[in-house]
Amino acid sequence: MRKRFSQKVFIGEICLRGEIILKTGLHIGGSEEAVQIGEVTPIIKDPATGFPYIPGSSLKGKLRSIMETFGKRERNGKEERVPIDKRVGTPRNPVYIHCCDDLEMALNCDVCRVFGMSGEKGIPENLPASLLCRDANLDPAKQEIGSFMDIKTENVLDRVTAVSNPRRIERVIPGAKFDLEMILQIFALGDDKQLFFPKRLERDLGNLFTCMAILETQGLGGLSSRGYGKVKFHFNELSALRLEYFKGEKEKNVLKHTDEKGFDIDEARKHIADIVKFMKEAFEDIIR
């Protein structure tokens, strides 16, 4: 019989704020419906400001794809690598991702606990993603560069005739900074008799930072194999907020690490244990 919980209780949130700094040009594609041969392939822009931005879905999707390459799950008492076998996308452009088949399995899966699970046909179970990635907007006031974008011309050569097929790619240039905000929601699941604290929270936070560290080496957006999309995560705040904080009782219900000069992924990792302890104390207060 599949496990189903009758209660879902909000414990709090873990917030990560800072910047995504470009080390090489970034291309995240915009609409290409009207692009003709020889014209510029555009980047995505905020229609209200005309400035480029990094969609939260692009950042989250990249992090998920990385997690699927090293994350594991526990099944029948044994740990195994997650299969990438769920087909999504369209018939003409199929995409395969990992997604567990049921709630009990998802709760024991590194990928699904953070990025969510949606049930197959006939299976009503669903585990919403606990990670939220906001759109990363470019704030002109924070830039140390004059222009934000350039156009790079590339050539594809016919291997036999050596005829070139030039294409022009719009990019955000190195040095641009995008505001970063990621939120990990913490819930306890259970029933009238017992609620269960997320026992793998420490592991999930560690895995998330590992994904971000790998992303820094792999790149974000398109054409990363050509050198595009190298980024650096630069944080200025890592905080844990309990339920009571949102009710207006801010004193003693927030644990915050800030640094005006900023800090990197390795520094953020040092605060995982304190955050988990802080949130576990909040859980114990709720069930007391």
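Which residues touch the most other members of the largest nonpolar core? I looked this up in a predicted model, where local features need pLDDT of at least 70, side-chain atom pairs count only at pLDDT 80 or more, and totals for chains, interfaces and linings use all residues. Residues are numbered from 1 along each chain as its sequence is written, and side-chain values use heavy atoms, without hydrogens or water.

**Core.** I found L63, F178, M182, M212 and F233 at the top, in a core of 66 residues. Such a core is a set of buried Ala, Val, Leu, Ile, Met, Phe, Trp, Tyr and Cys residues joined through side-chain atoms within 4.5 Å. Buried means under 20% relative accessible area, exposed over 50%, and partly exposed in between (1.4 Å probe, protein chains only).

I then checked F233. Leaving aside neighbours within four places in sequence, F233 contacts M212, L215 and E216, among others. Contact here means heavy atoms within 4.5 Å.

**Helix α4.** I took helices as DSSP runs of H or I, at least four residues, and strands as runs of E, at least two, numbered from the N terminus. The buried residues of α4 include M212, L215 and E216. Just after α4, I noted a positive phi of about 105° at G219.

**Salt bridges.** I counted a side-chain nitrogen of Lys or Arg within 4 Å of a carboxyl oxygen of Asp or Glu. The structure holds 20. One joins R200 to E74, with the closest N and O atoms 3.3 Å apart. These two sit 126 residues apart in the chain. R200 is buried at 17% relative accessible area, whereas E74 is partly exposed at 38%.
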